[in-house]
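Here is a short briefing on a ligand and the residues around it. Look at the structure first, then read the points below.

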Amino acid sequence: MDATTKTQTTPEQKRRFVNYKIRDTFNLPEAAEAAVIPGFAEGLPGVPQIDPLYVFEMDRLRQFTMFWVGGFRALMIEGDPSAGKTSFIAQIHARLNVPLHKVPCTPKTDSYQLVGQMLPTEDGRLHWVDGPVVRACRDGTSVMLDEYNVLDPGEATGLNMLLEGYSWTIPETGEVITPAPSTRFFVTQNAVDSLIHVAGRNEQDTANDDRFSYMQVDFLSADLEKDLIVRHLVAGGVEADKAKPIAHICVEVATEVRKAFREGADPNIDKPISTRAALRWAKYTVMYNPILRSKGRSGLHFAIQQALRMRAPMAGAVNQQITLKAGYDENLVTATT
Ligand SMILES: Nc1ncnc2c1ncn2[C@@H]1O[C@H](COP(=O)(O)OP(=O)(O)O)[C@@H](O)[C@H]1O
Ligand SMILES: [Mg+2]
């Protein structure tokens with residue numbers, strides 16, 4: 001072995017457990033100094049990219065830590081569309097350097113797309129290729145089935161053995177797969193009983209549901225979301241005095257839209273406004289304000305059209321909300337109501 005190969009880290013070495021300080025890793029000053037959570041050493045393939053915008057909330061992270069250090073295997077995350085289900089799991093994995101195999105589920109997702117299949121080799125023979133679930137079981141990494149409740153309930157049931165940590169025999173090869181102890185399964189879904197029009201959700205059978213720990217994810221609190229937007233505007237060179245009122249209105253409108261969507265209060269509102277979209281809206285507002293103000297038009301009202309695709313009825317309803325929260329309409333005329 002030469003000097004270079006000696007210093008290279010093998011996948012086995014990288015899959016070395018490392019304890020990460022919760023306070024520093026998740027930027028949570030309120031976390032206890034001594035609190036740690038295990039992950040892997042840096043450098044494994046399949047680790048999600050860090051989103052520097054991402055904000056962790058203490059309560060949510062505590063729930064996750066209990067699940068993770070408690071040695072539980074499967075976690076179901078429910079919440080409204082764009083509340084932050086997928087990004088929560090992905091960003092924790094990014095910080096802990098744990099590979100996450102993500103599978104977007106559709107009603108047509110078949111078990112071979114989850115566990116694996118026989119594929120032809122160049123010389124015409126068939127050989128087994130691991131799917132994301134089996135790969136995670138071998139490596140002791142994580143797999144996330146996104147939009148789990150659109151999956152055909154029959155396909156979901158096939159995963160039961162693995163979810164509980166039992167061995168499972170690949171029928172095609174006879175190989176016995178036993179999930180490594182650190183293997184974890186995450187499924188995200190929009191709640192079936194929410195008022196949202198999320199068509200085509202299945203109720204997974206009770207036996208399958210029973211295998212999951214459960215967590216509900218909601219949008220960031222208004223204060224944290226405003227802070228996040230202000231920080232980003234300020235980082236982009238905007239004065240805090242100018243950034244704050246814009247962040248305030250964007251988050252207030254987003255909060256109203258989410259509420260209307262969830263409660264089914266306004267049939268025109270057909271989706272919520274995500275944190276990411278609210279941030280984009282604030283950034284565009286800052287850019288448009290100077291140009292439009294001189295023409296007697298509102299940057300806020302204009303910018304949202306570029307920040308977020310909305311159908312005409314929703315755009316109209318949101319426009320009204322902006323006027324209400326800003327106190328002026330798209331022509332900067334002071335609102336009378
Ligand atoms: N806590 C957060 N901090 C920063 N951005 C967030 C946060 N939660 C959600 N987002 C952003 O909102 C958008 C929607 O989140 P996502 O996780 O895809 O929602 P879901 O899976 O619930 O539909 C993403 O762009 C995500 O980065
Ligand atoms: Mg998602």
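Domain bounds come from an automatic or database domain assignment. With those bounds, domain 1 covers 3–216 and domain 2 covers 222–326. The model shown is predicted.

**Where the ligand sits**
- Ligand 1 sits in the largest pocket.
- The shell takes at least three residues from domain 1, and at least three from domain 2.

**Who surrounds it**
- The ligand is surrounded by 16 residues.
- Val55, Ser82, Lys85, Thr86 and Ser87 are the closest of these.
- By type, the shell holds six nonpolar, six polar and four charged residues.

**Which helices take part**
- Two helices, α5 (85–96) and α13 (275–293), each supply at least two shell residues.
- Which element gives the most to the shell? That is α5, with three residues.

**Polar contacts and cover**
- Thr86 uses its side chain: one of its polar atoms is 2.8 Å from an oxygen atom of ligand 1.
- Gly84 uses its backbone: an N or O atom there lies 3.0 Å from a ligand oxygen.
- Ala83 also uses its backbone: a polar atom there is 3.3 Å from an oxygen atom of the ligand.
- On its own, ligand 1 has 560 Å² of accessible area, and the protein covers 85% of that.

Methods:
Residues numbered from 1 in each chain as written. Chains lettered and ligands numbered in written order. Predicted model: local features only at pLDDT ≥ 70, side-chain atom pairs only at ≥ 80, totals over all residues. Heavy atoms only, no water. Near = heavy atom within 4 Å. Polar contact = N/O pair within 3.5 Å; in protein donor to acceptor, adjacent residues only side chain to side chain. Areas by Shrake-Rupley, 256 points an atom, 1.4 Å probe, with all protein chains shown as cover. 1 Å grid on protein atoms, 1.4 Å probe; cavity = no way out; pocket = protein on both sides within 12 Å on 5 of 7 lines; lining within 4 Å. Sits in = over half its atoms within 2 Å of the grid points. Helix = DSSP H or I, 4+ residues; strand = E, 2+ residues; numbered from the N terminus. Nonpolar A, V, L, I, M, F, W, Y, C, P; charged D, E, K, R; others polar.
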